[in-house]
Amino acid sequence: MDECHSFLDRFYMSRIGIRVLAGQYLALRHQQSPDDNYIGMICLDTSPYELVQHAASDATIMCRRDYHGFAPDVRIDGRTDLTFPYLPTHLHYILLELIKNAMRATMEKHFRDHLMDEDDIPPVTVIIADGTDNEDVIIKVADVGGGIPRSQMDKIWSYLFTTASASVQEDFISDMDHGKDSPLAGLGYGLPISRSYARYFGGDLDIMSMEGYGTDAFVYLTRLGNYREPLL
């Protein structure tokens, strides 16, 4: 099983690299006029705050669809004014995965029925951290959805592990996994692929959980230009 996971990690990392190289070439070739904010696919002023808002909006649509119109609020704190060079598409994918996981955990723990008051649902909290002396830009996504049992922590990085129901898995359409039309719970590869996206440019994704309370997910992002892509 470990060999299978290692192979899939290398496969998806290679696939991400090919898509970045091809996408960057095509973006530069079809860029009609100079754009001060973009060099190909790379946005020089990527705003984590704006991407969190977009990801939260998409996740909220998915959550309201599955939970009778209810969804937790997403509260954003920290460096909301921060911008840095990065690929917005990569960061949006990571944030959407983490926020929809946090929303689902929160709803499964706190949702009772469609007559409850939405104010009784605890919010999902996103904190953006950065400083002149910080090595990374760090984003934390925190929920109070009951946490993950310690015995399950190793499984969350498995491509074969999912908590989605059998009916969701049977009806799942793979090309919809990146958008708001996909189910709130997918086939289990969202977290490991999100970690591969973060690691491609030297960052990382880490999960810390307190069973009975909630889960904190930490995204570590390097500023582009100070890390060599893992081409081997």
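In this predicted model, strands S7 and S8 form a hairpin, with three residues lying between them. Within the turn, Gly212 adopts a positive phi of about 95 degrees. The two strands, S7 covering residues 204-210 and S8 covering residues 214-221, run antiparallel and are joined by seven bridges. A handy place to look at this pairing is Asp206, which stands opposite Phe218 in S8.

Ile207 touches Leu98, Ile148, Met153, Ile156, Trp157, Leu191, Thr215, Asp216 and Ala217, leaving aside residues up to four places away in sequence. Ile207 is also listed, with Leu98, Ile99, Val141 and Leu221, among the residues that have the most contacts inside the largest nonpolar core, a group of 52 residues. Helix H3, spanning residues 88-110, gives the most to this core, contributing ten residues. In soluble globular proteins, nonpolar side chains tend to be buried together.

Running over residues 48-66, H2 has 19 residues and reaches 27 Å from its first C-alpha to its last, close to the 27 Å expected at 1.5 Å a residue. The buried residues of H2 are Pro48, Leu51, Val52, Ala55, Ala56, Asp58, Ala59, Thr60, Met62 and Cys63. An α-helix has 3.6 residues a turn, so residues three or four places apart point the same way. The cover over the buried residues of H2 includes H3 together with strands S2 (42-46), S3 (74-78), S4 (84-86), S5 (124-129) and S6 (137-143). Just after H2, His68 takes a positive phi of about 55 degrees.

Notes: Residues numbered from 1 in each chain as written. Predicted model: local features only at pLDDT ≥ 70, side-chain atom pairs only at ≥ 80, totals over all residues. Heavy atoms only, no water. Core = buried A, V, L, I, M, F, W, Y, C linked by side-chain atoms within 4.5 Å. Buried < 20%, exposed > 50% of the residue type's maximum accessible area, 1.4 Å probe, protein only. Helix = DSSP H or I, 4+ residues; strand = E, 2+ residues; numbered from the N terminus. Contact = heavy atoms within 4.5 Å. Expected span 1.5 Å × (residues − 1). Pairing = 2+ DSSP bridges.
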